[in-house]
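Here's a quick walk through this model, from its overall build down to a few side chains. Have the sequence and the 3D view open as you read.

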Amino acid sequence: MKKLKRALKVFLDIIEIYLPMTTFAALFVAFILQIASRYIFRHPLVWPYELSQFGYLWTIMLGACYASRDDSHIVFSIAYESASPKVKKIYDIINYSLTIVFFCLPIPATIKFYQFYMTRYSAVFNFPLGIIYFGFVPFVLITICRSAVRLVKCLSPKKAEGKDKEARA
């Protein structure tokens with residue numbers, strides 16, 4: 001079981017950290033190259049713009065997965081922070097449930113989208129657009145799985161700690 005958890009962590013690290021880091025690096029280099037070719041050499045290139053767009057899509061989608069890993073994304077938590085622990089638990093159950101529902105709803109349309117865009121190709125690289133926009137799939141799947149795990153943890157009864165047991169005795 002420990003090996004499976006370790007393998008899953010390594011896989012998620014590749015998807016959520018190293019792949020977005022690589023796509024951002026490619027985006028940045030292409031962006032700088034595009035600026036240099038346009039304004040220094042006075043000969044604009046077309047392919048850096050397309051590479052920048054694709055790198056941006058993958059960086060945002062997979063970077064959002066990492067932000068949700070440790071809850072480092074921006075939240076408006078005024079009502080949540082001022083609530084009691086029972087109300088916070090209700091908020092969490094509603095949040096995770098709605099996240100699962102609303103991320104599952106577009107799956108059929110997403111499949112049709114990818115079937116259609118696998119027949120279309122990018123203008124410069126002649127690469128299937130379905131693969132270019134595929135960064136959305138891991139984002140949706142990881143978000144659904146992470147929300148489901150958090151929902152199960154939220155719904156499971158918490159074990160009383162040793163101090164609580166001693167206080168009750």
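## Overall build

Start with the contacts: in the protein chain, among those with a separation of 6 or more, 66% are between residues 24 or more positions apart. Keep in mind that this is a predicted model.

The secondary structure is quick to describe, with eight helices and zero strands in the protein chain. Going along the sequence, that reads α-α-α-α-α-α-α-α. As for dimensions, the C-alpha atoms fill a box of roughly 80 × 40 × 35 Å along the principal axes. The protein chain has a radius of gyration of 22 Å, while a compact globule of 169 residues would come in near 15 Å.

The accessible surface of the protein chain is about 12,500 Å², and carbon and sulfur atoms make up 71% of that.

The pLDDT averages 89 over the protein chain, and 93% of the residues score at least 70. Helix 1 has the highest confidence, at a mean of 95, whereas helix 8 (residues 162-168) has the lowest, at 42. Over residues 160-169 the pLDDT is below 50, and this stretch has two contacts in the model beyond near neighbours in sequence.

## A salt-bridge network

The model has four salt bridges by the rule used here. Which residues are linked in a network of salt bridges? They are Lys 9, Asp 13, Glu 16, Arg 69 and Arg 146.

Asp 13 is a handy place to begin. Asp 13 pairs with Lys 9, with the closest N and O atoms 3.1 Å apart. Both sit in helix 1 (residues 2-40), four residues from each other, or about one turn of the helix. Is Asp 13 buried or exposed? Asp 13 has a relative accessible area of 12%, so it falls under the 20% limit and counts as buried. Lys 9, at 41%, is partly exposed.

Asp 13 also forms a salt bridge with Arg 69, and here the closest N and O atoms are 2.8 Å apart. This pair joins distant parts of the chain, since Arg 69 is in helix 2 (residues 47-69) and Asp 13 is in helix 1, 56 residues away. Arg 69 has 25% relative accessibility and counts as partly exposed.

Next comes Glu 16, which forms a salt bridge with Arg 146; their closest N and O atoms are 2.9 Å apart. Because Glu 16 is in helix 1 and Arg 146 is in helix 7 (residues 136-155), the pair ties together parts that are 130 residues apart in sequence. Both partners are tucked away: Glu 16 is buried at 2% relative accessibility, and Arg 146 is buried at 14%.

Most residues other than glycine have a negative phi. Where does Arg 42 sit? Arg 42 is in the loop between helix 1 and helix 2, and its phi is near 55°, a positive value in a residue that is not glycine. With a relative accessible area of 66%, Arg 42 is exposed.

Asn 126 is another non-glycine residue with a positive phi, about 55°. Look for Asn 126 in the loop between helix 5 (107-117) and helix 6 (129-132). At 54% relative accessibility, Asn 126 counts as exposed, because the cut-off is over 50%.

Note on methods
Residues are numbered from 1 along each chain as its sequence is written. Side-chain values use heavy atoms; hydrogens and water are left out. A salt bridge is a side-chain nitrogen of Lys or Arg within 4 Å of a carboxyl oxygen of Asp or Glu. Helices (H or I, at least four residues) and strands (E, at least two) are DSSP runs, numbered from the N terminus. Buried means under 20% relative accessible area, exposed over 50%, partly exposed in between (1.4 Å probe, protein chains only). pLDDT is the predictor's confidence in each residue, from 0 to 100. Contact means heavy atoms within 4.5 Å. The radius of gyration is taken over C-alpha atoms; the globule rule is 2.2 Å times the number of residues to the power 0.38. Accessible areas come from the Shrake-Rupley method with a 1.4 Å probe; for residues, only the protein chains shown count as cover.
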